[in-house]
Every structure is written in C-alpha cells, then in structure tokens.
Amino acid sequence: MAKLVKYIVVVLLFGGALFSCGKRTAKLGGDADTLSYVIGLNVGHSLMEMDSTLNVEAVCAAIRDVYNGSAKMTLEEARDFYLAEKTYFVHEKAKAYQEQYLTDLSKRDRKYVRTRSGVTYKIIELGDQSHSGYMSMRDTVKIAYKITDEQGRVIVEADTLRDSYRNLVSGLQEVVKMAGNGATFNAWLPSKTAYDVEGNKELGIGANVMLNYDVKILDIKYNR
C-alpha cells in the first residue's frame, strides 16, 4: 500500500512535466483524462507487483463504487476481510512448506520418525519404556533442552526445567510420552504442534514457526 501511495504522489507532483516539455504524451480526451490514465497505469503496475492474480474487473468495480458512493463494504470490513485472508494464506503456505520439509528430512535421515501430527523425531538414547505411550496430564517432567528455529537461531536453552506435562506444547508431549524417562531425542515440531499462529512473544517466537528441540529427559514423576 505504501508503494501504491508513493507512485500516485510522484505522478501528481511530476505528471505535469509529461505534458509541458519534450515530446508530449498522447492525450486521451484531455489533460484530466490523460493524468487519470497515468495514475491508473502506475496503480496497475503496483498491483501487478503485489499480486498478479487479482481480478482486474473487481478492482475497477470497487473504484467505481467508491466514486459513486455505493461501496459494498466499509473500509473497516475490507480491512478485517483482508487481514483474515492474509493470515489464512500465510498459515496454509507455512503448513505446506513445513510438511514438505519434514517429509524430505525423514527421507534423508531414516532415523527420524514422523507422527500423524507431523512431529518428526529421532531417539538418540531410548529411555525407560515401562510407561511408554501413556502419560497423565497430572505427571511432571524434568528436562534439559534447547530450542532453535529453522535457521539455527537459539531461542531458549535450559539445563533444568521442571513443569507439568500438561504445560508442554503438544508436539513435545508426543515425543516425551514415547521416548520415556532418561531418553535423549531431537524433534522437529511443525508450528501447529508448537505455538501455531499465536506464536510466543515472551520467547520471541513468531506465528507459524517450525521449531527444533534437543531434549534430555532427566526425570518423570508419574502421578496416578
């Protein structure tokens, strides 16, 4: 939008030069029509750069409706719709990318296992399997861990964290439950199994971010 405004301002400030010096631009029914066309031309190029799949007729219809005072939605409604669509598009694009990334990872390294949710992990050291596959939300875990993003940026690292199992993100819950007490593992968590579209401001994690966890399970207290 800023680029679009910039183009229009440039045209309004300097457009007169197109008609006052050098070879004159061909007119389209007068200076006013030609200036309007020049602005439309720049708007068109800007929109092409933003999104070449836009419905041009719908764009023109909206402009006509604004000029006629018959717009079919308010600016607030338009903003809410745009933000909702943008959020959905970004989420779906991230989801597809992460699925492909983790599929390729599991093919390159056969030690990685993928769960139905897309969590992709490998056990470095297997833990106690006497409770494998089952944990209660009342259980507590003590872990040492490091979280990095896809670019390898360390987000958080801790030698010791004790917390309720229920407070772990869902992707981490899956692996802890399978790995068992004393296990060491590496796990890739697609965003939907970590902090999803909300992210985590406290940790500096944005929306739709895939995370990598290096974890050592130090202790699990089973509260039956």
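Mentor: Start with the buried residues of helix 3: Thr34, Val38, Asn42, Val43, Ser46 and Leu47. Buried means under 20% relative accessible area, exposed over 50%, and partly exposed in between (1.4 Å probe, protein chains only). Helices here are DSSP runs of H or I with at least four residues, and strands are runs of E with at least two, numbered from the N terminus. An α-helix has 3.6 residues a turn, so residues three or four places apart point the same way.

The model is predicted: local features need pLDDT of at least 70, side-chain atom pairs count only at pLDDT 80 or more, and totals for chains, interfaces and linings use all residues. Residues are numbered from 1 along each chain as its sequence is written, and side-chain values use heavy atoms, with hydrogens and water left out.

Now the helix itself. Helix 3 has 20 residues and spans 28 Å from first C-alpha to last. That is close to the expected 28 Å, taken as 1.5 Å times one less than the number of residues.

Look next at asparagine 42. It lies in helix 3, residues 31–50. Valine 38 is itself among the buried residues of helix 3.

For contrast, take valine 66. This residue lies in helix 4, residues 56–68. Valine 66 counts as exposed because its relative accessible area is 58%.
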